[in-house]
Amino acid sequence: MIDYSNIPSPCFVLEEAKLRANLTLIDSVQQRAGIQIILALKGFSMYSAFPLVKQYLSGATASSLNEIKLVNEYMGIKAHTYIPAIRDDEFDEVLERSSHLTFNSLSQWERFKNRAIGSGVSCGIRVNPQYSEVATDMYNPCVPGSRLGITRDLIGDSLPEGIEGIHFHTLCENDSYTLERTLEALENRFADLLHQAKWVNMGGGHLMTREGYNHEHLIGLLQTFRQKYDVEVILEPGSAIGWQTGVLLSNVLDIVDSQGIKVAILDTSFAAHMPDTLEMPYKPRILNSYHEPVAGKPTFRLGGMTCLAGDFMGDYSFDEPLQIGDRVIFDDMIHYTMVKTTTFNGVNLPSIGIWQENETFQLVKTYGYESFKDRLS
């Protein structure tokens with residue numbers, strides 16, 4: 001049980017034991033399926049936890065030179081890299097720091113292939129199977145006009161010389177049955193090319209740490225696919241690593257009456273610290289609260305501390321009325337949250353800490369004026 005009383009607010013708090021439990025499960029899947037599962041930094045970049053991650057996962061995937069450097073420095077390995085469009089002035093360093101490099105388009109491959117072939121880096125191409133069950137267009141890479149990956153009509157009967165891998169990423173917090181239907185669409189369009197590949201990277205979105213996920217079904221799918229095409233299979237989940245491993249702690253700074261609606265203003269921000277809640281959108285869960293208003297219960301609308309009018313979340317009910325100074329704890333705020341934070345309005349970033357397996361709190365990092373100033377000029 002976490003003792004929140006001595007943790008500074010606002011603060012992301014990772015529970016080390018929960019992260020280890022996720023990693024143990026994921027490692028079991030990769031061992032039994034005979035595949036490789038690697039960490040996707042875009043979903044979880046908390047490098048203070050990388051020593052623990054390295055005990056279970058041997059690789060990591062990056063989508064920018066900065067993420068690549070983080071993999072090199074804190075995982076001690078070269079990165080599996082996919083960048084939608086690579087800058088010419090960064091390409092040589094990207095190549096040097098990567099073990100695998102997936103190109104997003106044939107034009108990018110043509111531009112860089114002479115520098116890539118013979119480098120020792122295994123190169124791949126991202127494909128678009130034109131099938132996705134992601135409901136939110138912002139997160140759907142298969143919508144018409146998507147810039148991510150090539151469709152079958154753009155490639156001939158063989159992989160370009162020098163291309164060894166095929167990469168697709170069309171899932172977002174989906175289950176193994178969605179993957180099964182996606183693989184059917186992939187094979188319908190790319191089966192002949194799959195037989196030519198040495199590896200297939202199935203991207204992320206495999207939420208295997210969510211309660212109720214059918215691991216046996218996933219393992220069977222992966223074993224069958226790997227054997228059918230005689231390829232190495234790679235998965236790179238983001239959410240699954242940090243799923244349900246920690247919280248964002250906040251304090252109530254003020255309570256105001258807004259035309260009959262009680263509003264609690266917090267020392268955190270939905271827009272700056274939890275942008276996914278507004279982008280997706282979704283309503284985050286709060287510990288010891290009712291997710292929807294309950295008649296007869298004290299009910300509050302929660303607002304962030306920036307001056308953006310839309311920096312608020314819907315109404316929650318509580319057993320007791322909120323008071324200034326009360327702690328409000330947002331659940332499951334480690335994956336795809338701290339990687340997206342901003343200093344909009346000059347609001348400080350939340351601190352980062354770890355509730356360790358020995359039941360003590362380690363404050364990893366705090367932020368202040370310099371963090372805000374360094375993003376500007």
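**The cavity and its lining**

Author: The largest cavity has a volume of about 40 Å³. The model is predicted, with local features needing pLDDT of at least 70 and side-chain atom pairs pLDDT 80 or more, while totals for chains, interfaces and linings use all residues. Residues are numbered from 1 along each chain as its sequence is written, and side-chain values use heavy atoms, without hydrogens and water. A cavity is a set of points on a 1 Å grid over the protein atoms alone where a 1.4 Å probe fits but cannot get out; lining residues have an atom within 4 Å of a point. The volume is the space filled by probe spheres set on the points, which are joined across faces, edges and corners.

Reader: Which element gives the most to the lining of the largest cavity?

Author: Strand 5 does, with three residues. Strands are DSSP runs of E of at least two residues, and helices runs of H or I of at least four, numbered from the N terminus. The lining includes His80, Thr81, Tyr82, His167 and Asn201.

Reader: What is the bridge partner of His167 in strand 9?

Author: Strands pair if DSSP finds at least two bridges between them. The partner of His167 is Asn201, and three bridges join strand 8 to strand 9 in parallel.

Reader: Why is strand 8 largely enclosed by the rest of the structure?

Author: Buried means under 20% relative accessible area (1.4 Å probe, protein chains only). Strand 8 (residues 163–167) is largely enclosed because four of its five residues are buried. Strand 7 (residues 122–126) also pairs with strand 8, in the parallel sense over four bridges.

Technical notes
1 Å grid on protein atoms, 1.4 Å probe; cavity = no way out; pocket = protein on both sides within 12 Å on 5 of 7 lines; lining within 4 Å. Buried < 20%, exposed > 50% of the residue type's maximum accessible area, 1.4 Å probe, protein only.
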